[in-house]
Amino acid sequence: MTEAILRIRNLRTYFFTRRGIVKAVDGIDFDLRKSECLCLVGESGCGKTVTALSILNLVDSPPGRVVSGEIYYDSLNLLKCPPDQIRRIRGKEIAMVFQDAQSALNPVFTIGDQIAEQVKLRPEVNQREAKEQVINLLKEVGMPIPEKMIGYYPHQLSGGMRQRAMIAMSLSGDPQILIADEPTTAVDVTVKGQILDIFSQLKSTRQMSLLFITHELGIVSEIGDRIMVMYGGKIVETATVSELLNNPKHPYTISLIKCLPDITQVMGRLESIPGTVPSLINPPSGCLFHPRCDKAMAVCSKEEPPPFIVAEGRTVFCHLYSRPER
Amino acid sequence: MTNRLKSTRSITRKVDRVKNLAFIIAMVLLVTTLLLDIFVIEMIFDLLTYLYIALGLLFVRYGIPLLYASRRLIQYYWQRAIKNKLAVGGLVFILLLILLAFIGPLFTVDPTAVNFDEKNLPPLGFTIEESVYKIETKQFITSRITGTSEHPLGTDDKGRDLLAMIVSGTRVSLQVGLFATGIAIILGTLIGVSAAYLGGKTDNILMRFTDIMMTFPFFLLLVFIVFIFGPNLALIVIVIGLTGWTGTARLIRSESLSLRTREFVMASKALGASDRRIILSHLIPNVISLIIVIATLSIPGVILAEAALSFIGLGDPSVASWGMILKAGQQNLDTTWWVAVAPGIMLFLTVLAFNFLGDGLRDAFDPRSNI
Amino acid sequence: MKKTWLRDYIIKRLLYAIFIAWAVLTVTFVMVRVGPTSPADKYLSNLAAQGQDTSQVMAAIEARYGVDRPIYEQYLNYITNLGRGDWGWSLSTSMSVMELIKAHWIYSFQLIFLSSIFAAIIGILIGIYSAVRQYSKTDYIATFFSFIGISIPNFWLGVMLILLFSVNLGLFKTYYDTSLSLLSLANLKQLILPVITLGTGMLAGYTRYTRSAMLENLRKDFVKTARAKGLPERTVIGKHVFRNAVLPLVTIIMFDLGSIVFGGAYLTEIIFGIPGLGQISFNAIFADDYAVVVAVTVISAFLILMINLITDITYTYLDPRIRYD
Amino acid sequence: MKELKVLAVLLIIAVLVGSSCQVPQEAKGVYISGTSAGDAETLNWILAADSASFGYIGHTLDSLVTYDNEWNVQLRCAARDVEVSGDGLVYTVTIRDDLKWGDESQVTAEDYVYTMKNLMFSDWLNYTYKSDWQEEVNGETVFVTPEVVNKTTFTITRRTVDPEFIYTVRTLTPYPKYIASKYEGDVESFTQAPEFNKLTYTGNLGPYKFVEWIRNDKFVVERNPEYYLGTDTDAPYFEQYIVKIFGTPAIQHAALEAGDISYAGIDPPHVAKFQAMEQINVYTMPTTGYLFLAYNLRDNGWEGLKQKEVRQALSMAISKDLLIEKVLIGFGEPAFSFIPVTSPWYVDKGSAKYGVESLLDKEKAKERLVETGHATQRADGSIEITDKEGKPLKLTLITNSGNDIRENVGYLVKEELLTIGIEVELKFVPWATELRKYLMNKVPGTGQELRYNNGVGAVSEESWDLMVMGVTTLPLSPSGQDVFYATQGGLNFWGYSNSPVDELFQRIRSEEALDEGARKQLYAELSQLVAEEQPVNFLAFQLANAGFQKNVKGIEPGINMGYNYHLWYFE
């Protein structure tokens with residue numbers, strides 16, 4: 001198996017607000033392997049975006065703060081290294097693509113300037129070369145007539161084009177890892193496909209590893225190699241795409257997949273998961289999902305389910321499996 | 001169920017009618033005493049007290065119901081405002097000031113009592129040399145005078161107790177600050193809200209009028225009017241009020257413009273509420289927060305304007321406002337320095353307090369600032 | 001493409017400004033003549049002292065000043081002269097109004113200009129600093145320091161500065177020396193105290209508005225993007241955030257410039273002996289010098305309108321999303 | 001403000017005066033004179049109405065004659081003092097032959113006569129002081145007739161005798177005929193004439209020449225090398241003379257202390273401080289300005305004031321020494337008439353000294369009020385002063401706001417009158433309001449125009465009883481005060497009328513007073529009568545303090561201190 005480029009151990013990120021401590025990410029461990037596309041899936045508010053932000057130390061503090069855990073990039077623990085070292089890693093080693101390009105791009109600068117900004121960070125690049133590189137990047141993400149586009153302002157572009165510019169910008173530092181935080185959510189359906197094509201094409205051309213965050217299971221099958229399902233700030237199940245979709249283990253994953261509209265079959269009403277997302281301030285005891293889990297047992301409400309290794313790289317956090325004698 | 005609704009509505013209408021009636025009676029009473037004052041008995045109250053009562057009545061009739069209607073909102077903002085330590089400090093100082101303005105005169109001597117024997121007394125704990133020229137000998141006789149506990153802050157060149165003058169000055173400065181801002185706010189809000197709400201031609205006319213008023217150099221206009229009609233505190237207050245509303249009108253107009261398109265206003269319009277009802281019960285309560293902020297931030301400007309007017313000799317001579325004391329003291333700053341220092345410090349602290357309070361409130365009311 | 005609608009917009013605004021200036025001129029023209037005092041008053045006590053029949057001589061003097069004719073006639077006469085660029089003769093200073101303003105505007109301009117720059121630079125820096133560290137100890141200190149400026153009555157501060165620095169320490173001259181050439185270093189030195197006096201008054205405005213503009217933009221998403229790109233914090237704040245905060249700031253700076261043009265500047269001019277337009281216009285009021293009062297009011301009104309126009313135009317350069325077509 | 005004007009007038013007299021015989025010096029340095037009485041309004045002296053304007057012009061234009069501190073005549077443009085004919089009707093003036101205009105042409109008698117005939121006496125210019133040159137001839141007001149005798153001599157002929165007219169003649173200053181004639185008849189072009197507004201015509205007629213005038217900042221003149229008085233003494237010894245205008249007195253004092261200006265008038269509270277400074281010389285000098293308490297003798301004032309005894313009683317209750325000490329900080333001397341001590345016509349003995357020593361007696365004042373029926377003696381011996389309805393008497397005192405000294409006098413009068421049981425209410429009003437509402441009067445009900453003295457029966461708009469005022473008098477011709485105290489006086493706004501006083505004023509202005517001894521006797525009688533009559537309560541003549549930097553030499557302190565100012569020099 002290819003060795004991991006990014007190892008995250010026992011990561012906890014809490015938000016200290018007036019109403020109490022929000023445990024957004026409450027102890028997660030996972031690895032991101034080289035040139036692999038790991039998808040992080042879960043309902044909104046399950047902590048997937050906070051996980052991404054914690055990696056690059058972009059969590060708004062106050063009120064947020066990474067309370068504990070380590071994030072190893074090669075041999076470097078990102079949580080411990082000094083600010084200017086983190087800064088050198090951002091964009092060049094690990095880059096990020098945000099969800100809504102409309103608000104993520106600076107409205108008063110042209111997209112050419114904003115993309116070139118990172119290229120110019122390297123002193124040996126002069127003005128002309130930088131412009132050329134920007135045009136190439138825009139071509140790579142399929143931007144029409146890039147020479148003209150670099151002079152446009154964000155509000156002059158369509159949703160899809162803005163997202164392409166966003167991706168081009170994240171590639172400008174030639175990163176090893178690209179974290180994409182729901183890049184397709186803010187665009188309409190027709191463009192979604194094009195964006196996914198760009199990502200899958202990047203995966204092949206750039207051999208870079210991709211942490212793809214989304215709440216749409218449908219996308220995952222097209223682009224993902226492995227999937228991690230998060231719930232209430234914890235990982236409940238990890239598996240390869242095919243295994244998870246065809247043979248989901250964790251009750252939450254199962255009901256998630258049931259919610260998927262399957263155009264191949266004529267289905268009645270779409271199923272929805274009863275109850276609401278758990279409060280992260282005083283989360284339910286034991287397994288977070290037990291209040292909404294139709295297979296919940298007595299132990300589920302008392303103890304946290306330990307990880308159960310189903311196979312290599314395939315774990316599930318559910319008492320159903322860790323207690324054979326049930 | 002509907003008749004219970006009907007009855008509650010009729011009760012509130014009855015209460016409204018009683019309130020309106022009481023308000024009108026009170027106003028009629030006030031106007032008759034004013035007419036009496038001008039034509040029959042001389043000076044029952046001075047003009048400012050009339051203004052005082054009129055604004056008080058206005059506040060009781062319209063102010064309190066409005067504040068009561070949005071009390072939950074204000075309570076919420078109040079909690080946010082307390083976080084800002086400087087704002088709380090400012091508020092405490094202002095409350096002390098208001099207390100001083102009312103209670104103060106009871107504990108201090110008569111500020112207008114002149115006593116040339118106790119002329120130019122330094123504050124307690126200081127001694128200065130006072131010398132008088134003798135024409136026969138063409139020499140000076142210098143005597144040392146030390147501050148007495150009877151006049152802790154010392155006395156001015158007419159022997160008046162400085163502490164008493166500062167206390168009576170407090171009332172004047174607060175009156176100027178509150179009334180002038182009151183007038184400016186009322187005018188600004190009415191013009192701003194109606195311009196935003198009615199839109200179209202009226203909005204255009206009102207805004208052009210605001211433009212013209214705004215391009216007049218404010219201080220030049222103020223000095224001009226006070227010079228022509230003579231320096232009288234009531235006039236100064238009214239002129240500042242009548243010329244200081246343009247900024248408020250603009251701010252409130254832009255705020256209400258964004259409110260107008262909001263759903264709840266559309267909804268009440270759909271329910272057939274009259275324009276006046278919408279403006280009074282929907283637009284204005286939501287603009288209250290902005291109004292409170294603008295008020296606290298414009299009061300210091302008004303107090304300083306009165307002080308500046310006094311400095312150039314256009315202050316009301318019959319009134320011992322801080323500005324007037326400062327002007328008198330400022331001429332002999334090198335000999336009797338305390339006469340200028342005391343009012344200067346009071347002006348400074350009061351303006352500072354209002355600024356802090358205003359700034360704290362602005363932060364509290366600004367949804368974006370994360371407290 | 002941008003230039004066409006901008007040019008039309010400017011023309012429209014210029015016409016509008018001329019209309020407003022004309023309205024201000026007319027209002028001031030009438031207002032000045034409606035007051036009880038008249039320019040011939042100063043002769044009153046002298047004439048009486050000569051035992052002369054005051055009313056007869058006063059009428060003659062008012063005829064000499066042309067203030068005895070009906071208002072509309074005076075107004076028509078004034079406007080026709082204005083057409084020829086003649087703003088009239090100043091009675092209280094015995095020189096043509098235009099010459100008077102031409103000789104004195106520079107003193108007011110340099111004072112206000114330097115004070116605005118002084119207040120803008122320090123105010124904005126404090127504003128950014130306290131926005132980035134909101135509600136920290138430094139934020140309170142910075143706000144406290146900037147509010148001191150606006151709270152001290154500037155005529156009081158001015159006198160104190162002169163007594164301390166000019167008289168006791170002898171570092172500055174006690175009054176503004178007009179013989180020094182305007183561009184000389186000595187002129188800059190003698191402007192330090194007046195600029196501090198006037199500037200501190202404006203400081204709080206800049207700090208407060210910069211702080212709120214910065215706060216508003218600090219939370220925007222593109223800040224996270226900038227940081228994610230590995231840009232140094234200085235660039236993130238200084239370039240990305242500030243560039244967006246500048247927009248509301250420009251409005252305030254320009255608006256402040258307009259409103260304080262006379263208030264604080266006049267008092268500062270009196271204390272430091274700077275013969276600017278502030279003193280000229282107020283002495284004209286006390287001397288009932290109608291021509292000067294009207295001229296100064298109209299010019300300052302037109303100036304404020306021009307400032308507003310410049311503000312709106314800089315908007316389009318600062319924020320590409322704004323168009324006025 | 002009035003007191004500062006007093007100082008400015010003092011300087012003008014000084015400036016118009018000069019004397020020779022000083023040690024020759026080499027001209028150096030810039031003399032800066034500070035003022036906070038406001039800027040002048042014009043350099044066209046015939047249109048001027050404010051003292052600052054005369055002050056500026058005086059640096060470039062001398063009059064015929066001026067006076068030293070003992071009132072000895074000092075010749076200026078005049079070659080010899082003005083000669084008066086035996087019958088006091090013809091005044092002959094001979095001017096120096098070396099006076100030049102700006103264009104080097106000679107200043108001739110024709111210029112002087114032209115200035116009088118075509119400018120001062122013209123009706124298109126309305127010269128404010130033209131009535132000084134008019135006389136009453138069988139009911140008609142006519143101008144005196146000036147005629148040219150030869151190039152350097154002209155005469156002025158009167159039809160009636162006025163012994164004090166000579167003082168007016170001595171102040172004559174000429175306009176250049178060759179320039180003024182271009183603007184004759186057109187007041188607007190005369191007002192805007194560049195030659196007059198830039199003083200380009202003054203030639204060698206003054207110690208200095210005009211350089212520049214920056215409004216509200218400074219008036220700059222430079223040394224005139226061709227000055228006619230400077231041929232032998234090479235005067236003046238300052239390269240430049242600057243009048244620096246300050247916004248507030250506080251900064252003017254600061255400038256003197258810091259050494260940025262050479263001279264400043266010092267307000268009483270600061271004199272002791274400056275006296276103690278070794279780098280400053282402070283000279284204390286008498287002025288011709290006196291403070292007085294006017295009584296409203298018209299129908300809307302307290303009727304008691306119409307009785308001489310009541311006025312005397314009030315004067316006995318107000319201590320002048322206390323006023324001088326507390327309000328003027330010692331810089332004043334008690335006044336008993338309008339003739340200043342420094343005037344040659346001042347006579348000390350014989351006039352009643354109310355408000356001082358024996359005639360400062362509060363008990364006697366109260367008795368006097370009982371005698372005149374304005375007070376009742378109660379059983380316990382205390383005296384209650386009541387008005388005609390029997391209520392305790394309350395008088396209103398008015399003065400102009402913004403004038404510290406007069407406000408303080410008002411407070412002191414209130415305190416003093418309270419000690420004898422009269423309550424006084426103070427009202428401070430701006431000067432313009434005081435003129436219109438309290439001074440000007442008219443007969444109620446008639447369409448009469450508001451004027452300062454509309455005679456008997458006229459009443460001011462607002463009622464008042466007492467008023468604190470300050471006025472300057474001309475020491476050489478105190479009879480000018482008839483404008484206040486003669487029944488027909490232009491400024492007799494309080495309605496005082498007394499035929500013996502009127503008669504004395506007439507006699508001083510007649511042949512009888514031609515002989516100076518007789519005039520002195522008449523003035524003595526007038527001051528005794530006025531001291532007795534108490535038309536107003538003459539309070540005090542003020543002293544002025546002038547502060548100079550120590551290095552200014554050649555100063556002779558006195559009533560006309562600046563008469564030799566062109567001989568002053570920097571050490």
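Reply: What follows takes up confidence, then cysteines, then a sheet in one of the chains. Bear in mind that this is a predicted model, with an ipTM of 0.80 and a pTM of 0.82.

Me: What is the mean pLDDT of chain C?

Reply: The mean for chain C is 83, and 90% of its residues reach 70 or more.

Me: How many disulfides are there over all chains?

Reply: A disulfide is a covalent bond between the sulfur atoms of two cysteines. Over all chains, the count here comes to zero.

Me: In what order do the four strands of the open sheet in chain D stand?

Reply: Strands of a sheet pair through backbone hydrogen bonds, either parallel or antiparallel. In chain D the order is β4-β5-β9-β8, and the pairing is antiparallel. At the edges stand β4 (83-84) and β8 (145-150) of chain D, each with a single partner strand, so one side of each is left without a neighbour in the sheet.

Me: How many bridges join β8(D) and β9 of chain D?

Reply: β8(D) pairs with β9 (residues 153-157) of chain D over five bridges, in the antiparallel sense, and D:Thr145 has D:Thr157 in β9(D) as its bridge partner. Across β8 and β9 of chain D lies helix α3 (residues 109-120) of that chain, running at about 170° to β8(D).

Note on methods:
Residues numbered from 1 in each chain as written. Chains lettered and ligands numbered in written order. Predicted model: local features only at pLDDT ≥ 70, side-chain atom pairs only at ≥ 80, totals over all residues. Heavy atoms only, no water. Disulfide = S-S within 2.5 Å. pLDDT = per-residue confidence, 0-100. Pairing = 2+ DSSP bridges. Helix = DSSP H or I, 4+ residues; strand = E, 2+ residues; numbered from the N terminus. Contact = heavy atoms within 4.5 Å. Axes fitted to C-alpha atoms, helices over the stretch in contact; angles between N-to-C directions.
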